[in-house]
Amino acid sequence: MTLCLLSGALPACNARPRGALAYVTNERGGTITVIDTTTDEVVSTIEVGGRPRGVRLSPDGQRVYVAQSTPSGKPYRAEENKIVAVDASSGRVLARYDVGSDPEQLAVSRDGSLLYASNEDAGTASVTEVESGRLVATLVVGIEPEGVTISPDGRWVYVTAETSNTVSVIDTRENRVVETFLVDSRPRDTAFSPDGQRAYVTTEIGRTVAVVDTATHKVVRTVHLPRAENVKPMGVVVSPDGRRLYVATGRGNTVVVLDAESFEVIANVGVGQRVWGLALTSDGRKLYAANGLSNDVSVIDTTANRVVKSIKAGDGPWGIAIEH
């Protein structure tokens with residue numbers, strides 16, 4: 001796959017990418033930084049405009065979907081509040097899907113046919129058909145919904161709502177909300193265990209991770225993170241073997257590594273400033289952390305639990321998705 005883009009102001013693509021690509025949204029820059037995870041070098045920058053945050057790949061890896069909203073402090077523009085589909089080979093914008101106001105994160109159905117997006121200002125979640133662009137459903141969820149994550153089997157979509165402190169559960173067979181449950185203050189993101197039996201929900205103000213039994217959609221344990229200054233849990237991912245949990249601490253500027261059975265802290269890895277989005281390579285050997293204030297991406301060796309490289313990104317790195 002070659003990504004040679006896009007304007008004279010962007011870096012030239014001088015080598016064919018050799019590994020899986022990581023796509024990093026830059027919320028203040030209106031761009032996506034593309035990183036070769038084998039060389040850990042930037043191979044391209046894609047212009048999408050607006051304020052891009054949540055990012056996901058289609059199941060076949062051919063499309064990059066980005067939740068785009070109006071930049072902070074600027075008048076609302078409907079044309080900027082879309083889910084943007086980008087061709088992964090060329091970097092060309094293929095489509096812009098209608099959703100609600102201020103979409104923040106999204107998930108893609110396992111067959112790639114549907115997009116699920118949180119609309120923060122509207123308090124809704126949108127379900128959109130990829131092929132036709134048709135809005136299938138608009139679902140009332142919590143207040144200021146944010147995180148959107150689909151379970152490994154594709155059955156459930158969990159939507160976190162930061163102001164109501166709730167998680168709404170969407171049944172993808174019926175595209176309706178079937179359960180809502182409370183967690184600690186200001187839930188941000190969710191990750192599922194590989195077997196889908198657990199979900200892990202970070203709470204920014206609560207400084208906790210809620211452990212959820214997905215069979216009942218009930219919180220079965222609340223894990224308190226280290227109470228260091230500015231620790232505010234944000235992004236979360238689970239290792240491919242399900243044994244490790246990685247939590248971004250926002251302005252705590254670290255990634256906390258937890259044992260997924262005992263929930264003891266294995267490591268607390270210092271990264272860049274205001275770490276948000278996290279993503280693992282398919283083999284779980286490298287973790288990429290988007291740092292929104294230092295404008296870089298920290299690459300963590302998950303065997304040694306240490307940063308092995310810092311990669312310059314665009315303005316305001318926020319979310320990350322990696323080809324698997």
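Me: What is a nonpolar core, and how many residues does the largest nonpolar core have?
Reply: A nonpolar core is a set of buried Ala, Val, Leu, Ile, Met, Phe, Trp, Tyr and Cys residues joined through side-chain atoms within 4.5 Å. The structure discussed here is a predicted model. Within its largest nonpolar core, the residues with the most contacts include V237, Y246, V255 and L287. The number of residues in this core is 17.

Me: Which strand supplies the largest share of this core?
Reply: Five strands each supply at least two residues of the core: β21 (244-248), β22 (254-259), β23 (265-270), β24 (275-280) and β25 (286-291). The largest share is four residues, and the strand supplying it is β24.

Me: Which residues does L287 contact, leaving aside its neighbours within four places in sequence?
Reply: L287 is among the residues with the most contacts inside the largest nonpolar core. With those sequence neighbours left aside, L287 is in contact with V237, Y246, V255, L278, A279, L280, S298, V299, I300 and T302.

Me: How many residues apart are K286 and D40, which meet in a salt bridge?
Reply: The side chains of K286 and D40 come to 3.0 Å, N to O. K286 belongs to strand β25, whereas D40 is in the loop between β2 (31-36) and β3 (41-47). The pair therefore links distant parts of the chain, and K286 is buried at 19% relative accessible area.

Me: Is D40 buried or exposed?
Reply: Buried means under 20% relative accessible area. D40 has a relative accessible area of 7%, so D40 is buried.

Me: How far apart are the closest N and O atoms in the salt bridge of R176 with E174?
Reply: R176 is partly exposed, with a relative accessible area of 42%. E174 is partly exposed too, at 43%. Their closest N and O atoms are apart by 2.2 Å.

Me: How many salt bridges are found in the whole structure?
Reply: Side chains of opposite charge can pair when their charged atoms come close. Salt bridges link E146, E162, R186, R188 and E204 in a network. A search of the whole structure gives a number of salt bridges of 23.

Me: Which residues lie nearest the centre of the largest pocket?
Reply: About 1,200 Å³ of space lies in this pocket. Elements that give two or more residues to its lining include β4 (51-57), β20 (236-238) and β24. By class, the lining has 23 nonpolar, 14 polar and six charged residues. Of the 43 lining residues, those nearest the centre are R56, R110, V237, I322 and H324.

Me: Where is D102, which has a positive phi although it is not a glycine?
Reply: Most residues other than glycine have a negative phi. D102 has a positive phi of about 60 degrees. Its relative accessibility is 9%, so D102 counts as buried. D102 is placed in the loop between β7 (93-98) and β8.

Me: What is the relative accessible area of N165?
Reply: N165 is not a glycine, yet its phi is positive at about 60 degrees. N165 lies in the loop between β13 (156-161) and β14 (166-171). N165 is partly exposed, and its relative accessible area is 21%.

Technical notes. Residues numbered from 1 in each chain as written. Predicted model: local features only at pLDDT ≥ 70, side-chain atom pairs only at ≥ 80, totals over all residues. Heavy atoms only, no water. Buried < 20%, exposed > 50% of the residue type's maximum accessible area, 1.4 Å probe, protein only. Contact = heavy atoms within 4.5 Å. Salt bridge = Lys/Arg side-chain N within 4 Å of Asp/Glu carboxyl O. 1 Å grid on protein atoms, 1.4 Å probe; cavity = no way out; pocket = protein on both sides within 12 Å on 5 of 7 lines; lining within 4 Å. Points joined across faces, edges and corners; volume = space filled by probe spheres on them. Nonpolar A, V, L, I, M, F, W, Y, C, P; charged D, E, K, R; others polar.
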